[in-house]
Amino acid sequence: MMKSPPTAAFRLLGPVLVMATLGPVAAAPTHLVEQPPAAITKIAADVMLVDFGRVAFGNLKFTPPTNATGEIKVHFGEAFTNGRIERKPPGSVRYAMTNAVLAGRPLVVAPAPDARNTEGATDKHPPAILTPAEWGVVLPFRWVEIEGWPGELRAEHLTRQAAFATTWDDDAASFKSSDDLLNRIWELSRYSIKATTFAGVYVDGDRERIPYEADAYLNQLSHYYTDRDTQMARDTFDHLMNLGTWPTDWATGMIFMAYADWRHTGDTNWLAPRYAALKSKLLLDRVGSDGLVRSEAQHIKRDDLVDWPKGERDGYVFTELNTVVNAFHLRALKLMAELGQALGHESDRAEFAAREAKSLVVFQEKFFDGRRGLYRDGTGTDHASLHANLFPLAFGIVPEANRPKVADWLIQRGMRCSVYAAQYLLEGLFENGQSTAALALMTAPGDRSWRHMVESGTTITWEAWDQKYKPNQDWNHAWGAAPANLLPRYVLGVEARTAGWSRALVRPNPGTLKFAEGKIPTPRGPIRIEWKHGKTFRLSLTLPPGVSAAVELPELAGARGVFQAGQAISAKRSSGRFVLAEDVSGSVTLEVK
C-alpha cells in the first residue's frame, strides 16, 4: 500500500490549473507507535480477546515465544456485541479476519488490502491515500480475537502498531469543565483528530480514504486546537487543489482553509503562491449580472450539496438561486478580500469587497422573508429550512437586528442537520450569545448529539449521528469532531484576534458551567486559561511571550466592574459583557464582582 506521489495520480485525471508551480505534494510525516493491550481475556476454550482500549488505524505485531509454532486465526473489529467482535457490522464499520503462521519469531499480522480504500482514480473520485508499503496493511480496530494461540497469551506477546502523525503531542492541548459529559465529548473529539492523522493528510474516514474539502476544513479547525502542527492542513490543501471533489458548496472550502492557515500562522509566504489559484474557487463562472450564483439542472441534481447525507437537509428545496450556495459564495468573497489585503493586492481587495457588497443586497432581497424574519431555501419556494438560516447566521450575513430572531428559531428547530453542518450551527449560536443553547444541543438526549456518540462507547466520532441516518457510515470520521475546536474557541473563549496570534481574543461563554480550564496551542506557544463562574466570575490567564489579549468577561447581575489584585480596572459594559479598555499580557487574574 505504498504512497504514490499525488502528482502522478493527478495525471490520471488530466491537467488542472492548480499547484503545478509548487512541485510534488507531500504528506505530513506519520509513524507507527507500538501500543500494548489494555486487557487480555479468555472468552472460549481456544479464543483470546484482546482489547486495546480505543480504535486506532494499525496492525498487529506478534512477538511469540521461540517455541510457539502453528497456525492462528486473527479477527479484527471496530464493533463489539455480546462479548464478541461483531462479524457482520453495519455499513462501513470494520471487521476482518486473517490467518497467520507462528514460527517462534516476530511477525506483523494484518488482513489483505480492502479495495474500497485502496482504489485508484476513477471517473467518480480521486485516488485513495495509500499508506507506506513497509507498514503493511492498516485498518481501524479496537478488539482482536485470536484462535489457536499455543499456551498462555501475555501482553508481551503482541502490540498494536498504530499510525499517527509523527508530530502529534498529547500534551499540546487540554479541556476540563464542571460538566463531565462535556469533558468526555472533548476527549472523544480530540482523540478523533489524533487517530485520523494516520494518512498524513485529512481523509474522510476509512471507507474511501480520500480528502474532501468540507471534511478537511473542519479537521483543520480542530487540529489547530488540539495540536501544534500546521503542516498536515497545508499538505491536505495542496492535495485538494490538485485533486478537488465535485460539490459546489465545498469548493469554497479551499478559500476557508487558506484563510484559516493565514489567521493561525500569519504566514503570507505560504499563502502568496497559492492565492491566484483560489480565485477559481469563488464560483464566478456561475455568477449572474445580479451578483448571485446560479444553479443549472446538473448542479441541482448532483453538485449543490447543502448537507450530507441527503436525509439531513431538513427538507431543503433546491432552486436555480440557492440560499446556501450563495451564503458560501458571500463568505468566500469576504475572506478573499481579506487575503488580498494581507498580500498587498489592493485592486483584488476592492473588487472582492465590491462584489460582496453588491451580492449581499440582492441576497437579502431574494432570500429573506421579512414577514417571518427567516431565509427561504431559494427563489421560487417559501420553504425555510434550518440550513438556509444557519449558514447565513454563522457567516455573519444576517443583519444584526434580525440575528436574535434567526438564532431563536434555529434553537427551536434543534439539530435537524448532519454532524458536518452542526459545526456551523453551533458557531452561529455561540457567536450570537446563545452559549447555553449551543451546549444543550451538543449534550442533548436522543440520537442527534455528541452525547449519543459518547454513550454508545465509540472512541472516534462517527460520520453521521446514528447508523439509521447513514446506513453505510464509517465510525472514524473526524468531521464529527467539531467540539474539539468549538469548546476551546467559545467555552474557554480563546481565538486569534490578529493573524498569527500576536493578539488573542479571550471571551469566555460559561453558559450554565461553574468552571472550565484548558490549554490552547498556538504558533507562539500555549495559552493557559481557567475561569470560575459563581457569585463572581474569576479568570486566570497565562499568555506566551509576544502575545497580548483583548479580554471580554461576562457581566454578572449587580456587578460593579472588573478587578485585578483588588483594584478596579477600566472596562466598559457592552452587550452583556465587560470589555477591558486595555489588552493584557503575561499572567493575569481578573475578577468580575
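Analyst: A crossing is left-handed if the near helix is turned anticlockwise from the far one by less than a right angle. This is a predicted model. In it, α9 passes helix α10 in a left-handed crossing.

User: What makes α9 and α10 roughly antiparallel to each other?

Analyst: The angle between α9 and α10 (residues 346-367) is about 160°, and their axes are 8 Å apart. Angles over 145 degrees count as roughly antiparallel, so α9 and α10 are given that term.

User: Which residues of α10 make the contact with α9?

Analyst: On α10 they are Arg 349, Phe 352, Ala 353, Arg 355, Glu 356, Ser 359, Leu 360, Phe 363 and Phe 367. The α9 side includes Leu 330, Leu 333 and Lys 334. By class, the contact of α9 with α10 has ten nonpolar, four polar and four charged residues.

User: How do you know which classes of residue make up the contact of α7 with α9?

Analyst: Thr 268, Leu 271, Tyr 275 and Leu 278 of α7 meet Met 336, Leu 339, Gly 340 and Ala 342 of α9. Tyr counts as nonpolar and Gly as polar. The contact divides into six nonpolar, two polar and no charged residues.

How values were computed: Residues are numbered from 1 along each chain as its sequence is written. This is a predicted model: local features need pLDDT of at least 70, side-chain atom pairs count only at pLDDT 80 or more; totals for chains, interfaces and linings use all residues. Side-chain values use heavy atoms; hydrogens and water are left out. Contact means heavy atoms within 4.5 Å. Helices (H or I, at least four residues) and strands (E, at least two) are DSSP runs, numbered from the N terminus. Axes are lines fitted to C-alpha atoms, for helices over the stretch in contact, and angles run from 0 to 180 degrees between N-to-C directions. Angles under 35 degrees count as roughly parallel, over 145 as roughly antiparallel, 65 to 115 as roughly perpendicular and the rest as oblique.
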